[in-house]
Amino acid sequence: MSASGVVPIVFHAEITRFDKTLTRLFEWKHVAGHKSIVRLFAKFDMARNENVQAQIYRWIFDHIRFDRITLDMDSTVITRYGTPEGGAKGYNAAKPGRLSHHPLLAFVAECRMVTNFWLRPSNSSSANNTLQFLESTLPHLESKIVGLLRADSGFYDDAILTFLQGRHIDYIISAKLTHGLQRAIAERVTWWSVERGLEIGELNQAQGWSAPRRIIVVRQYAVMSLFRQAVLRGSVQHTLATLHHKVFAVGAFWHKNSDKRQLNLAVSRQRRAWFEGLWTNAGNAWHDDNTVPQNL
């Protein structure tokens with residue numbers, strides 16, 4: 001029973017029931033028992049939850065002083081342990097194979113306050129129910145003007161873009177880098193240099209959409225990406241934290257000879273051939289040879 005959470009809920013409900021300090025603080029004459037509380041919440045379905053939540057959010061944001069807001073929307077992954085209700089195996093980069101949820105969140109940037117939250121199983125697609133979530137969120141802010149909506153690529157959907165344009169809401173939404181979009185960028189974008197290593201361009205993309213829309217493209221020269229491709233040459237794309245541990249954060253000491261100074265790296269014997277291979281690859285960055293190091 002403890003695994004399901006029944007015992008802890010009952011236990012805490014009974015503590016509250018007999019806590020005289022708490023009852024006097026809130027001027028309660030009587031406190032309901034746990035069975036009454038269970039019966040009350042058993043009456044709540046999704047429609048009633050949404051109705052109550054909408055009233056609470058409207059009351060909160062009616063008392064926020066500014067009238068024009070920036071609405072941020074995000075889809076993320078939360079790893080779960082045990083057997084949570086609604087948990088499923090899906091995309092989870094941090095903990096592959098773990099049960100998780102794939103929630104949708106909306107919050108007001110100016111005050112960093114959540115204005116809506118939906119919990120979805122992890123095997124839900126990124127775009128699943130995103131339009132319904134947006135339609136549910138805006139009534140919570142009916143006394144405010146959404147001056148700008150910002151969202152990640154989970155909201156990159158023609159239906160959402162059409163909905164926002166119909167409401168005359170300005171938006172910035174990260175695009176999914178599909179093969180069609182990559183091809184359009186390669187063929188149609190003219191690049192303008194902002195500074196060294198940073199360029200921008202634009203295009204109007206209409207493939208699969210009800211109307212063409214402006215896309216701003218940013219191109220950066222990623223030094224670490226080049227390092228992975230030209231020096232490491234491995235099939236595994238290590239994170240920066242892994243590269244820091246394996247390659248960059250290496251103990252060393254200076255050894256002074258009569259004619260030169262030598263830097264000695266503290267690399268274990270079994271890793272020396274691999275590490276020396278990195279120097280060889282760096283010197284022959286664009287040529288294939290027989291000294292490609294293998295991943296450890």
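I begin with Glu-199 and Arg-219, whose side chains meet in a salt bridge at 2.4 Å from N to O; a salt bridge here is a side-chain nitrogen of Lys or Arg within 4 Å of a carboxyl oxygen of Asp or Glu. This pair links distant parts of the chain, with Glu-199 in strand S10 (residues 198-205) and Arg-219 in strand S11 (residues 213-220), 20 residues apart. Strands are DSSP runs of E, at least two residues, and helices are runs of H or I, at least four residues, both numbered from the N terminus.

The model is predicted: local features need pLDDT of at least 70 and side-chain atom pairs count only at pLDDT 80 or more, whereas totals for chains, interfaces and linings use all residues. Residues are numbered from 1 along each chain as its sequence is written, and side-chain values use heavy atoms, with hydrogens and water left out.

Glu-199 is buried, at 14% relative accessible area, while Arg-219 is partly exposed at 31%. Buried means under 20%, exposed over 50%, and partly exposed in between, with a 1.4 Å probe and protein chains only.

Arg-214 forms a salt bridge with Glu-202, the closest N and O atoms being 3.2 Å apart. Arg-214 lies in strand S11 and Glu-202 in strand S10, so this pair ties together parts twelve residues apart in sequence. Arg-214 is exposed at 58%.

How many salt bridges does a search of the whole structure find? The search finds five.

Finally, in helix H8 (residues 223-232), the buried residues are Phe-227, Arg-228, Ala-230, Val-231 and Leu-232. Arg-233 follows H8 and has a positive phi, near 55°.
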